[in-house]
Amino acid sequence: MVDTHAHLGMCEQGDGELVAAARDAGIRRILTVGIDPAGNREAVATAEAHEEVLACVGRHPNSAGGFDKGAAAEIEDLAAHPRVRAIGETGLDYYREGAPRDAQRAAFEAQVEVARRTGLPVVIHMRDSVEDTFEVLSSRADGVTVILHCFSASPEGAAQAGERGWYCSFAGNLTYPRAEALREAARVVPPELLLVETDSPFLAPQAHRGRPNQPANVVATAERLAEVRGVSYEELEETVEANAARAFAW
């Protein structure tokens with residue numbers, strides 16, 4: 001199995017401990033994701049230090065204030081590193097709104113263009129902003145590989161994403177008792193566009209809820225996802241690993 005979205009630098013445990021636990025759980029790859037300049041550099045350093053880890057660099061929407069051409073250039077420079085396999089996470093967050101919406105959108109659009117120029121996929125944060133996020137992607141991301149991280153839209157949104165060829169990545173909230181609508185969304189995603197993640201240290205799956213999440217726990221989410229889709233864990237693992245390898249070129 002693989003964890004296609006984690007923030008190793010935000011976890012309480014050290015990178016080495018997290019990677020070792022993931023390896024013991026059968027996790028072959030981890031994408032560690034930066035959200036700001038310092039986090040991006042840390043993600044690259046972690047990827048350099050651990051064979052299983054690759055990096056994603058970008059600016060989170062809640063850190064989008066002050067994003068300018070220099071910020072975009074810095075991300076593009078980091079994207080040239082061979083251990084960097086994606087741009088993001090970027091997108092729109094209307095739940096916390098740590099930055100004004102116009103600043104979020106400007107940073108989002110700029111990072112889609114960085115992804116286009118570098119040929120890397122773009123990892124999307126989408127919280128309470130499905131309509132606007134889909135509008136930006138539909139108008140600006142043609143030809144760019146899109147990964148909807150921590151998918152949280154409706155089944156109809158999942159169907160629309162599938163029609164557009166966007167990957168949908170499911171996290172630990174898929175396992176929560178009240179998440180039936182999310183599980184219904186997971187049922188309609190085309191198999192070739194399906195991914196799983198932890199979003200560590202956030203969104204621990206139900207069996208680990210109340211404790212910080214970590215990449216090893218992606219197995220619990222994948223087990224529930226396999227059950228939801230009516231396939232074996234082994235089949236889901238093969239599907240997700242192939243999808244991730246195609247999306248991130250790892």
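Q: Before we start, how are residues numbered and what pLDDT do local features need?
A: Residues count from 1 along each chain as its sequence is written, and side-chain values use heavy atoms, with hydrogens and water left out. This is a predicted model, where totals for chains, interfaces and linings use all residues, side-chain atom pairs count only at pLDDT 80 or more, and local features need pLDDT of at least 70.

Q: Is strand β3 largely enclosed or open, and how many of its residues are buried?
A: Helices (H or I, at least four residues) and strands (E, at least two) are DSSP runs numbered from the N terminus, and β3 covers residues 53-57. Buried means under 20% relative accessible area, exposed over 50%, and partly exposed in between (1.4 Å probe, protein chains only). The strand is largely enclosed by the rest of the structure, because the buried residues number five of the five.

Q: Which residues of β3 point the opposite way from Val-53, Ala-55 and Val-57?
A: In a regular strand, side chains alternate between the two faces of the sheet. Here Val-53, Ala-55 and Val-57 share one direction, and the buried residues pointing the other way are Leu-54 and Cys-56.

Q: Over how many bridges does β3 pair with β2, and over how many with β4?
A: Two strands pair if DSSP finds at least two bridges between them. β2 (residues 29-33) runs parallel to β3, with Val-33 opposite Cys-56. On β4 (residues 84-93), also parallel to β3, Val-84 is opposite Ala-55. The bridge counts are four with β2 and three with β4.

Q: Which residues does Val-44 touch, leaving out those up to four places away in sequence?
A: Val-44 sits in helix α2 and is buried at 7% relative accessible area. Its C-alpha is 8.1 Å from that of Leu-78, 34 residues apart along the chain. Taking contact as heavy atoms within 4.5 Å, Val-44 touches Ala-55, Val-57, Leu-78, His-81 and Val-84.

Q: Glu-89 is buried and has no salt bridge, so which side chain does it join in a polar contact of 3.1 Å?
A: A salt bridge is a side-chain nitrogen of Lys or Arg within 4 Å of a carboxyl oxygen of Asp or Glu. Lys and Arg count as positive, Asp and Glu as negative, with His and the chain ends not counted; the nearest side chain of opposite charge to Glu-89, Arg-96, is 9.5 Å away. A polar contact is a pair of N or O atoms within 3.5 Å; within protein, one must be able to donate a hydrogen and the other to accept it, and residues adjacent in sequence count only if both atoms are side-chain atoms. The partner at 3.1 Å is His-7.

Q: How far apart in sequence are the parts tied together by Glu-241 and Arg-28?
A: Their closest N and O atoms are 2.4 Å apart, in a salt bridge. Glu-241 lies in helix α9 and Arg-28 in the loop between α1 and β2, so the pair ties together parts separated in sequence by 213 residues.

Q: Is Glu-227 buried or exposed?
A: Glu-227 and Arg-224 meet in a salt bridge (3.3 Å, N to O). Both belong to helix α8, three residues apart, about one turn. Arg-224 is partly exposed at 24%, whereas Glu-227, at 56% relative accessible area, is exposed.
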